Structures are given as structure tokens and as C-alpha cells.
Amino acid sequence: MPPRAVLPAGVSSTSFARALGELRKVVGPAYVLADREELAPYRKLMIPAAEEEHEPSGAVLAASLEHVQGVLAVCNKYKIPLWPISTGRNLGYGAAAPATRGQLILDLKRMDRILAVDSVLCTALVEPGVTYQQLHDHLQERSIALWLDFPGDGPLVGPIGNTLERGTGATPYGDHFAHACGMEIVLADGRVLRTGMGSLPGSASWQVFKYGYGPYLDGLFTQSNFGVVTKLGLWLMPAPAAYRTLLVRYWDDQGLAAAVETARTLRLSGTIRNPCRLSNAALMLTAASRRAELYQGSGAVPNNVIFAAARQHGIAPWNLTFTLYGTSEQIAPSLDIVTRAFEASGGEVVSDYHDGSQSNELSLSSFSLLDWVGGGGLAWLAPVSPARGVDAIRQRDIARAVLGMYGMDYLAAPTVYGRDLHHLTAILFDHDDLQALQRAKDCFRDLAAAFTANGYGLVRVGIDFMDQAARSYGETRRDVNRALKRALDPNGILAPGKSGIHR
Ligand code: ADP
């Protein structure tokens, strides 16, 4: 007998076996996985958490809305918790694994149809298994001049998983939820809700107007466990006639403040339309070298070592990138305005830079980050603050101090989206080294606590940290989430613990 996987909490092995039998009838025997070995891909974690604590009891691979309804009916009957994933590569946040041990994975990657692309209205309608690469290829093959916005691991992941996590990208459509329009959701009791204009019979406006009539519901189904999303409408960016990507280097570590002030002003005036990403020297260096090549001592790599190595590659302590989009006639005056503004703020402007993430080029280059220490451990922290220089500096100092206590390097990309700054910070470690894993876990906890204590809340965290993050937003908010959960999923079968929401 192959080793059995864990059981869902409170479910006997007899009931579970019976439930698996019924699930096999719903999706087909080949699409219910329950042997521990088969489940290995769903267990693999990059975040600093123990795989045993997030071990799934099985996986069901649904291929249609009817399958999803059938699976929900079985799980309601046997009170089996179900963790939906789309492409399941939520890498720095927990990949495919559930928030708590024993949940059954509802894997939706077989639902991978691109249902519609409207090249006139610049919209698409996709299923959960569609990846950005698949959608990109679809557009290229048909010479449809629409651009995608995707996260760093773009080719591997997809619009539904990323948008439901409120992920971000690098073009003017970088706020993914803001550029989604219309959802189809299977509720826990099997009913199907189409949001926005989608509930109106005969409506042709599902992907063009978000709100429909009455309360705007879509947000409830992001970072939540209130339903299974089976379709999502997307707004796509018309390919611009021209674009120009710029790099602004600040050779002084304090230049971070002026960079943020200038970026915010130009974002809010509309001169710059995409997020301004400020990568620090260490983060940029990961593309060119490994930590061990630069430093063998104890503790974090000293700043002077990082800065000296970075300079050899033309990398400054702070490196801001953004893109001007439009026609060449529109770009020319904007180029003058931004060049003057960034130079006046102390930056050195390189006016012809390349960053494919800002111009529809999918690549896996961001994974070079993992080579910095090696061993595959990664967790992201994304505290949000006002886009002000003083806040960016305070966050930098908090991050350096806490990471330094654990001998970890500060690798960060504070990004100005508009009025908000997200101080995206990576924790890298060797996942196979138990001590390093524990250190990363402690460091993450302390860094999260330090940001939160300073009023910088975390807006996306991994499966091991969801309760803590939710608690930091207070009891009333948790009570409201709980009330919604009880109303929409009375048996509490959908993804218990997601975003700290339990029944
Ligand atoms: P990606 O691979 O694009 O990074 P995932 O598929 O791993 O994204 O999804 C990220 C998270 O979003 C999942 O862990 C789950 O909590 C939630 N999620 C993903 N797809 C769905 C869905 N179709 N319905 C409900 N929640 C989902």
C-alpha cells in the first residue's frame, strides 16, 4: 500500500474513503489524488514554514463548472475543507499548499480556456487554469495588439490566481484587481453568481462595466474564502505605438526619499502612468552575482561591500525604473519633464533602458533572485505606506535593522503605485537547512511586527501568517469577515484560514 496522506480534521478514514469514491464519480478516477507521493507537488513550499503543517489530504482536479459544483456537494456532505487553487504557483506566499493541514486541494488548472478576447473593447474572459504565457501566445498568434500585465513569475502563473490575491505588475494596468471586470463564482452551496452586469440575462456588458446594480461584490471574492471563482473578465492594454523605459540611479543611499517624492508627483500628475519601482543595490545585484562570491563573513553583507560590487555593474544604491507610453510625439515632451524632475532630485537619468516586464515581454529572469543564497527559500513581505520619502526611509531602516539581527540581507523594491508605496522585501534562505529555515521564520515574524507597529500594514502574506496579519487589522474587521463566511459558507468548507477567515 502506498503511504496514505493525512486526513481532514474531524473526518474519519471511512468517511474520507467514501467521499473520495464519490469525488471520483464526479471528476473521473484519474483526477482524484490521495496517495502521499502523488501529492508531493502540492506540498512543496518556498516560504519558511513546515510542510507537515500545510499538508493536503488529497487533490481533486475539476475540469468544468459542473465538476466544481459536484465537488462542493460532496465536501458539504462530508464536511471536508477544500482549498481552491488556479495555477497553484503562489510561490513566495505558499504555492499550492493550504493554510491548514488536511484540506483537500481543488485544483482548477484543467479549466484552461480563453473564452473570449475582444480586440475592439480590449477585454478578455478566462478560466482559472489560463496562464499569462498562454494568453500572451494566444494574442501573438492572432496578431491582436493587446498587452498583458503580469507579476514577476509571469509565465508560470495566471490572471485568476494573481488577481484574486490582488497581485501587481509593472505596466499602467499593474493593479490587477482594478483591471478585472466581472466574475463567475460558484458559491459553497453550488449556486452560480455572476457579478457586475453578468447576472442580467442577455447583457453584453459583463466585461466592460464593473458595478451592475446594488452593492459591488467582487472585492469580497479576493483574498477570501467565500466562493470558487470559475471565470474572470480582464481589461487589457492597447499596445502603445511607442514606449520608452527609463532608469534613474541615485548614487546616495538617502536618495530613496527624493526618488519617492518625485515619482509620486509624476505619477499623480499622470506624466508617468505605470508603477515606479525602486530596486535596491542588493536586489539588482542578484542578477549578476551570488552572495558567496562577495562575502564570506558573518551577518548581513555590509553595505559598503554591496555598494562597491554593485557599482562595478553600473548599479546604484537605488535604481528607479518606469516607462513612458504613447506616440513618439507624446513621449518627447514627457521625457523632458521627467528628466528635469529626476535630475533636480539628485538622480542620474538613463533614458534608454530595457525592462520587459513594463513592455509585455514575459520572462523568468526574476528567478535569479533565488541564486543569491541558493536553497530555494523565499518569502515576500509587502507593507504599505503613503508614498512619502520619510516613510520609505523609515521602512528601509526598520528592514535593515531587523534583517541585520538575523544576518539577512536587505533586498527590496519599494514601489510607488500612486499615493501608496509598497515596500516589497524578500527574505531569502536555504530551505533545506533547518536552522536557516527557523531563522527566516523568526525574522519574518519580527519584521512583520516591526512594520505593523509603525502603522505599515501587510497586504499580502503567506499561508503560515494569515491569522497574524488578519489580527493586526482588528476585531471588528474579523467579525465582519466571519459573519460573511457564515452566511456564504455555513459548513465552513471553503479554504478555512484563508486570510485569517474561519467560520
Ligand atoms: P498563482 O499560481 O497565479 O500565483 P494560485 O493559483 O496559487 O495563484 O492562487 C493563489 C491563491 O488564490 C490560492 O492559494 C487561493 O487561496 C486563491 N485562489 C486561486 N484561485 C482561486 C479560485 N479560482 N477561486 C477561489 N480562490 C482562488
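Between which two strands is the loop where Thr222 is found?

Reply: Thr222 is found in the loop that runs between β9 (192-194) and β10 (228-235), where strands (E, at least two residues) and helices (H or I, at least four) are DSSP runs numbered from the N terminus. This is a predicted model, in which local features need pLDDT of at least 70 and side-chain atom pairs count only at pLDDT 80 or more, while totals for chains, interfaces and linings use all residues. Residues are numbered from 1 along each chain as its sequence is written, and side-chain values use heavy atoms, with hydrogens and water left out.

Thr222 is buried, with a relative accessible area of 3%; buried means under 20%, exposed means over 50% and partly exposed lies in between, with a 1.4 Å probe and protein chains only. If residues up to four places away in sequence are not counted, Thr222 touches Thr163, Leu164, Arg166, Phe177 and Met183, a contact being heavy atoms within 4.5 Å. By contrast, Met408 is 186 residues from Thr222 in sequence, and 32 Å separate the two in space, C-alpha to C-alpha.

Arg166 is found in the loop between α5 (159-164) and β8 (180-186), and with a relative accessible area of 37% it is partly exposed. Its phi is near 55°, a positive value in a residue other than glycine. Asn360, which is not a glycine either, also has a positive phi, of about 70°; the place of Asn360 is in the loop between β15 (348-353) and β16 (376-381), and Asn360 is buried, with a relative accessible area of 9%.

The domain assignment, which may be automatic or from a database, gives domain 1 (13-110), domain 2 (114-238) and domain 3 (242-453). The centres of domain 1 and domain 2, taken over C-alpha atoms, are separated by 23 Å, and 14 residues of domain 1 are in contact with 21 residues of domain 2. Between them the two domains bury about 1300 Å², 64% of it on carbon and sulfur atoms, where buried area is the accessible area (1.4 Å probe) that two parts lose on being put together, summed over both. On the side of domain 1, Leu65, Thr87 and Arg89 lose the most area to domain 2, together 34% of what that side buries.

There is also an open sheet of 4 strands, with the order β1-β2-β4-β3 and mixed pairing, two strands being paired if DSSP finds at least two bridges between them. Its edge strands, β1 (32-33) and β3 (82-85), each pair on one side only. Strand β2 (residues 58-61) pairs with β1 in the antiparallel sense over 2 bridges, and Ala59 in β2 is the bridge partner of Leu33. With strand β4 (residues 104-107), β2 pairs in the parallel sense over 4 bridges; here Val60 stands opposite Leu106 and Leu61 stands opposite Asp107. In a regular strand the side chains alternate between the two faces of the sheet. In β2, Gly58 and Val60 point one way and Ala59 and Leu61 the other way, and all are buried.

The aromatic residues complete the tour. A search of the whole structure finds 8 aromatic pairs, counted when rings of Phe, Tyr and Trp (its six-membered ring) have centres within 6.5 Å, with planes under 30 degrees apart called stacked, over 60 edge-to-face and the rest tilted. The rings of Trp147 and Tyr325 have centres 6.1 Å apart and planes at 75°, so this pair is edge-to-face. Because Trp147 lies in strand β7 (residues 146-147) and Tyr325 in strand β14 (residues 318-326), the pair ties together parts that are 178 residues apart in sequence. Trp147 is buried, at a relative accessible area of 10%, and Tyr325 is buried too, at 8%; together with Tyr243, these two residues form one aromatic cluster.

Elsewhere, the charged end of Arg110 sits over the ring of Tyr31, 3.2 Å from its centre, which requires NZ of Lys or CZ of Arg within 6 Å of the ring centre and within 35 degrees of the ring normal. The charged end of Arg477 likewise sits over the ring of Tyr473, 5.3 Å from its centre.
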